[in-house]
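Subject: Structure handover

Dear colleague,

Here is the structure for your files. My notes on what was found in it follow below.

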Amino acid sequence: MTWELLLWLLALLALLALGVQLLRFLRADGDLTLLWAEWQGRRPEWELTDMVVWVTGASSGIGEELAYQLSKLGVSLVLSARREPELERVKRKCLENGSLKEKDILVLPLDLTDRSSHEAATKTVLQEFGKIDILVNNGGRSQRSLCAETNLDVYKELIEINYLGTVSLTKCVLPHMIERKQGKIVTVNSLMGIISVPLSSGYCASKHALQGFFNALRAELHAYPGIVISNICPGPVQSNIGKNAFTEEITKVLTNVGDESYKMATSRCARLMLITMANDLKEVWISDHPYLLFTYFWQYMPTWAWWITGKLGKKRIENFKNG
C-alpha cells in the first residue's frame, strides 16, 4: 500500500466519521455527550439503586415524572412542593407503579421562598433516611410578559423562587454531603440559562444566575471529587410550567398557554436526567431540534444567534400580542 493510498483511506474514514456524527446530530434530542452516555455509559438501574433522592417541584411536570421513574429503581424518595395534596397523589402513584413501600417515600411540603424553613426540612430528611445522596433542584416558575409591561415584583418573585430558594436549599444540604465526601446536586436549569428569548427576561435572568452559581460551586468543591454538580438544561418540555407562568402582574394568570404538542415528552426528559445522574455529567442539554441546534449557535456562533433571535423574537412577540 502506497502512502498516497493510505492518505486517501484516512481521509475517507474521516469523512465517514463526520457523516455519522452529522446523522447522529440531526436525530439528536440531547447534546452528543449525553447521548453517548445513554448508549455506552452507566445505566441508572445499576447506579442509583438504594440512594436517597430528594426532588423539589415534585407535584407536577418534570419533577412528577422523575419521581415515577425513580420509584422503579429502588431508591428512597423525598417529594417536595407547596401543594401537599398533589404530593400525596404522586406518592400513591409511585407506590402503585414502582417497587417502593410506604416507608420508602417521604412527602415533605416545602416553599422555596420560605428560606427559614429549609434547614428544618433538611434535618427532617436526615432523621427519616439518615442521608441525602441526590438533591434534585427542580422547583421553579416561568414567565410570559414583556419587560416594559412587567411589574418589578414579578422579577423579585422569580429570583426568590428560581434562584435564592434553590441556593438556600443547596446550602442546607451541602454540609451533609461535604461531611460524607459524596453526593449529587442536580439542578434543573433551562436552555434559557444559556440563551435568552423575548417574553422571559426575568426567567432567563434567574436561570443564568443558577448557571453561574453552580459552575462556581463546582470549582470550589474540587477537593471533594465525590460531590457532583450537574446542570440540566431542558428546552421545551410538556409540563405545567407554561400554565403556572408569571405574567406582568403577580396575581394575573396566563390565559392562553398555546399548543404544546410540539414539545418533548416529559418521560423522555426524565429518562435523560437519570442518565445524567448515573454518569455524573456536569452539564447537559435536553431538547429536540431546532432548539438544540439554536443553542449550539448561541454557544459557538453568537453573531448568527443574535440575528436569528431578532427574526424569531419579533414573530414571538407578535404572536403573544395577538393572544
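Strand β4 (residues 134–137) and strand β5 (residues 183–188) run parallel and are joined by four bridges. Strands and helices here are DSSP runs (E, at least two residues, for a strand; H or I, at least four residues, for a helix), numbered from the N terminus. Two strands count as paired if DSSP finds at least two bridges between them.

This is a predicted model, in which local features need pLDDT of at least 70 and side-chain atom pairs count only at pLDDT 80 or more, while totals for chains, interfaces and linings use all residues. Residues are numbered from 1 along each chain as its sequence is written, and side-chain values use heavy atoms, with hydrogens and water left out.

Buried means under 20% relative accessible area, exposed means over 50%, and partly exposed is in between (1.4 Å probe, protein chains only). Strand β5 is mostly covered, with six of its six residues buried. One side of β5 carries G183, I185 and T187, the other K184, V186 and V188.

Helix α7 (residues 152–180) forms a right-handed β-α-β unit together with β4 and β5. Right-handed means that, with the strands pointing away from the viewer, the path from the first strand over the helix to the second runs clockwise.

On to β6

Six bridges pair β5 with β6 in the parallel sense, and I185 stands opposite I229 of β6. The chain gets from β5 to β6 through helix α8 (residues 201–220), and this β-α-β crossover is right-handed.

Strand β1

Strand β1 (residues 52–56) pairs with β4 in the parallel sense over three bridges. Here W54 stands opposite L135. Five bridges pair β1 with β2, also in the parallel sense, and in β2 the residue opposite W54 is V78. The chain crosses from β1 through α4 to β2 in a right-handed β-α-β crossover. All five residues of β1 are buried: V52, W54 and T56 are on one side, and V53 and V55 are on the other.

Helix α4

How much of helix α4 is buried? The count is 10 of the 11 residues of α4 (residues 61–71), so the helix is largely enclosed by the rest of the structure. Among the buried residues are G61, I62, G63 and E64. The buried residues of α4 pack against β1, β2 (76–80), α5 (84–97), β4, β6 (227–234) and α9 (266–279). Contact is taken as heavy atoms within 4.5 Å.

Two loop residues

K72 is found in the loop between α4 and β2. K72 counts as exposed, at 55% relative accessibility. Neighbours within four places in sequence aside, K72 is in contact with N97, G98 and S99. From K72 to T276 there are 204 residues in sequence and 17 Å in space, C-alpha to C-alpha.

S239 lies in the loop between β6 and α9. Is S239 buried or exposed? With a relative accessible area of 12%, S239 is buried. Not counting residues up to four places away in sequence, S239 touches G61, I62, E260 and T266; G61 and I62 are among the buried residues of α4.

A surface patch

Which residues make the nonpolar surface patch of about 500 Å²? They are L7, L10, L13, L16 and V20. Patches are made of residues with over 30% relative accessible area and no salt bridge, with nonpolar side chains (Val, Leu, Ile, Met, Phe, Trp, Tyr) joined within 5 Å and like charges within 9 Å. A salt bridge is a side-chain nitrogen of Lys or Arg within 4 Å of a carboxyl oxygen of Asp or Glu. Accessible areas come from the Shrake-Rupley method with a 1.4 Å probe, and for residues only the protein chains shown count as cover. L10 is found in helix α1 (residues 3–26) and counts as partly exposed, at 48% relative accessibility.

Regards
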